[in-house]
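Hi,

Here is the structure I promised to pass on to you. Please have a look at it first, and then read on for what turned up.

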Amino acid sequence: MHRQEGLEALGFRIVMWGLAALSFVLLLAPSLVVVVVSFTSGYSLKFPPPGYSFRWYVSLLDAWQLQFAAGNSLEIAAATTALSVLLGVPAALAIARSPTARARALDSLFMSPLVLPALSFGLASLMFFSLIGLPVSPLTLVIGHVVVCVPYVMRTTIASVAQLEFSLLESSASLGASRWYTFRRITLPLIRPGILAGAFIAFMSSFDNVPVSLFLRDARTDMLPIRMWQDLEGKLDVSIAAVSGVMIVVTLSLMILMERVAGLSRRLR
Amino acid sequence: MSYELKLAAPLAAFFGLFFILPLLILLYVSLQADTAMTSMAVSQFTRFLFDPFSLSVLAHTLFLGVEVTALCLILGFPLAWAYVRGPAWAQPILIVVVLLPLLTSVVVRTFAWIVILGRQGIVNSALLSLGLTDTPLRLLYTEGGVVVALAQVQMPLMVLPLITALSRIDRNLDDASAALGAGAWRGFWRVTVPLSLPGILAGCMLTYAAAITAFITQSLVGGGQMLFMPMYIYQQATALQNWPFAAAISIVFLAAVLAVVSVFNVLGRLSKAHAEA
Amino acid sequence: MKPTRRGLMTGALTLAAMQTFPRLSHAQARRLVFATFTGSWEEAHKDVLVPAFRKATNAEMVLDPMLSVDQIAKVKASMSNPPIDVMLHDPGPALVAIDQGLVESYPVADSKHYADLISEAQVATGPAPFFQVVGMTYNPDKVKTPPSSWKDLWKPEFKSRVGITNLNSTLGTGFLVEIARMHGGSESNVDAGFQAIKDLKPNIAAVAANPGQLATLYQQGQVDIGPGNFNAIQILKARGVPVEFVIPKEGAIAFKTTIHIVKNSPNKELAFKLIEAALSPEVQEKLMNSPYLIVPTNAKVKMTGEIAKVLAGSVEELKKKFVFQDWKTINTQRSAWIERFNREIA
């Protein structure tokens, strides 16, 4: 009887740990494969590569089309993040502790871009801007990106506001501090990590956005993920592997930095 | 002390103007009879709903989401379980491995799958060198390839809510059920799974919504022979410039996603009530 | 919506944006946009034409590679403020673009090189900077006996090894028409061609979105044989990817490709200079040589080397040797074919 139980528990452990190991490898392997292939000396994406070199990283130095797109993507992501924080943080403060039905409704509205098909929204935006006669430009891109990125800022900010000790704020107010002073000196420092984490995710998701950019970009506002997608489809240049390698390293470093300053992983759950 | 709701006014106005209004315009365009957009009719919707080809694209897309979500759950649940049950030193490593794909560009992750699944890719080289096959298998541009690639790309969305849900479960409950003589599997199905149901549903909803709209992965790994809704919308809107029909397909797609999300929401609320009871 | 209110709103939004993000309004300064084709054409233009343009004008430009049909769709969607300044078209789409009034006529009188072009390339709506030839491509490492006829694609040994493109490209449409002709059809009746491509399905490994993507499938070893542009594989071949081009015994398909200034382009002067550079003997000479091997149209450039060996030594020979299709007839039904192909084959 005991033995049978022991066997059953063992089977359970083998299945669970086995599947966990499989998904661990599955999550990790693609990034490793890209990094390895980016050091190939050949012209194809053969794995393992026939030899190793830095040539594809060197080739990025003259890849002006990719550099131009990367520059645009950075600018758009920076502007999107700034606007998302400016609009999202006050809204998060307003609805975080409000129990009213109106606040709940606003919350659902602001979160809805996370689950609705962004491609449909991208098309809707294109139609809207063309109807009001605003041509596709960096401005329209930023507006479209803010809609799909602001939910991230809201989510992490709301979570950090919810954890605030409100008695602290009340005592500050009772000591005669103005609301603005209380916000600046007490609330803001406490919720800053939440805002930072949200801003970081908003930045990354704007930098990586495809479904909205697809409709709101043109050649002058070329975006890096779209340029990469078209290069992959049109010519499968190995330099895309080098770009990917750079992006993986930068993402990983930023992630570790954000984990240090904002406790990123706690704020994503 | 709390902040007035009027602090949300700027964002509400922004959403009203640049989110709700565009969606209303999408609806308006979808109700145009033709591309000249001079008269209104529901003909775009009837064209979609009575066309077996369009319906098959919709069904195929929705089913793809089910396959991806199921695979994500089967692989993601044990990973989240391992995170909660595993040693403390492993947790930071696991969280990096889960978060890195979430933050790495989708194009990069999809590109990795082209390298892995290609004829000269890692899977085929392994199979060939092990002598399991003498000709490379066709893995890229197949439905199976799309499902696996999408499952990997979207897995963090499943794992993160699961970790939250599993961390909240009191481990004493497991010990109690074991002490009462329930086997490991029985305890798992009777205690762990029901209590983590809110996390499972949240993860499934996010994964499903992301999988069916993943334009890049679907088109690069699926290739030209498989058509899913996002590409269908894109083709009609840009290459064919048929805005009314593209808008109608988008509306149908939005409605389908909304329906799925609402079902998950209702189930989520029920399961939360159940888990707390 | 009233135009005044629209103008007001646009103005207010733009103003607000410029106040908030001065760098973005700076980024908006208009560069010349040339929509070239994907794949080897993009690379050839990036390597040779763009540097020549920069040297001649000191101006910056961007390439936005896409198929002709997509170029037309984008320009048509925003005719008063086109997102593209210079378009590149195969004969079918060129007729459409001209018909729909999307292109400016070329300022022939100001051109230094127009008079030097061979007579076929002198087109007032947009001159032809090069010719293209569609034949068969195969991987010599995997296909030991070189194919000799389009019919070879249906051989059982090529199960899951053939690559084709959809009908959005000239390559795909030209192939369909050729296959239809082989089975008794014509430019006006391609039913037999559709049937034949349906029969080909077991052999089809991939349907590429454009000729550039089709070429990459050889690079990845994803396909081993299929129809292909002569140019599309040259850069790959120069890099050591095993690909060869062969003219099927039914004849290869040839056509000229024309370059156009887009109507209402705000960069007409620069657009003209880019096209001048494309027609110049210096650029054409460079593009004719390895690894690009693009058939020149400037009479001052003699066809030599690999082009003379594989294709033809002169335009006269090219015209005699190759099949020219009737794109006026093809255009009347092309969009219906595209739709049919996407439903029945893809």
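Let me start with a pair of helices in chain B. Helix α4 (residues 90-103) of chain B and helix α7 (residues 143-168) of chain B have axes that come within 8 Å and cross at roughly 130°. That angle makes α4(B) oblique to α7(B), and the crossing of the two helices is left-handed. Please keep in mind that this is a predicted model.

Which residues meet where α4(B) and α7(B) touch? From α4(B) come V98(B), L99(B), P101(B) and L102(B), while α7(B) brings V153(B), P156(B), V159(B) and L160(B). Sorted by class, this contact has 8 nonpolar residues, with no polar and no charged ones.

Next, chain C. Its fold has 14 helices and 10 strands. The radius of gyration of chain C is 21 Å, close to the 20 Å that the globule rule gives for 346 residues, so chain C is as compact as a globular protein of that length. Of the 346 residues in chain C, 52% are buried. Among the contacts in chain C with a separation of 6 or more, 72% are between residues 24 or more positions apart.

One helix of chain C to pick out on your screen is α4 (residues 68-77). Its buried residues are S68(C), V69(C), Q71(C), I72(C), K74(C) and V75(C). What do these buried residues of α4(C) pack against? Within chain C, their partners are β1 (32-35), β3 (86-89) and α5 (91-99), and from chain B they meet α12 (229-239).

Finally, there is the contact between chains C and A. It takes 37 residues from chain C and 25 residues from chain A. On the chain C side, at least two residues each come from α1 (3-20), α2 (22-27), α3 (40-57), β2 (61-63) and α8 (211-219). Of the elements on that side, α1(C) gives the most, with 6 residues. By class, the side of chain C that touches chain A has 15 nonpolar, 14 polar and 8 charged residues.

Enjoy exploring it, and do write back with any questions.

Best wishes

Key: Residues are numbered from 1 along each chain as its sequence is written. Chains are lettered from A and ligands numbered from 1 in the order in which they are written. This is a predicted model: local features need pLDDT of at least 70, side-chain atom pairs count only at pLDDT 80 or more; totals for chains, interfaces and linings use all residues. Two residues are in contact if their C-beta atoms, placed from the backbone, lie within 7 Å. Helices (H or I, at least four residues) and strands (E, at least two) are DSSP runs, numbered from the N terminus. Ala, Val, Leu, Ile, Met, Phe, Trp, Tyr, Cys and Pro count as nonpolar, Asp, Glu, Lys and Arg as charged, and the others, Gly among them, as polar. A residue is buried if 20 or more other C-beta atoms lie within 10 Å of its own, exposed if 12 or fewer, and partly exposed in between; C-beta atoms are placed from the backbone. Axes are lines fitted to C-alpha atoms, for helices over the stretch in contact, and angles run from 0 to 180 degrees between N-to-C directions. Angles under 35 degrees count as roughly parallel, over 145 as roughly antiparallel, 65 to 115 as roughly perpendicular and the rest as oblique. A crossing is left-handed if the near helix is turned anticlockwise from the far one by less than a right angle, and right-handed if clockwise. The radius of gyration is taken over C-alpha atoms; the globule rule is 2.2 Å times the number of residues to the power 0.38.
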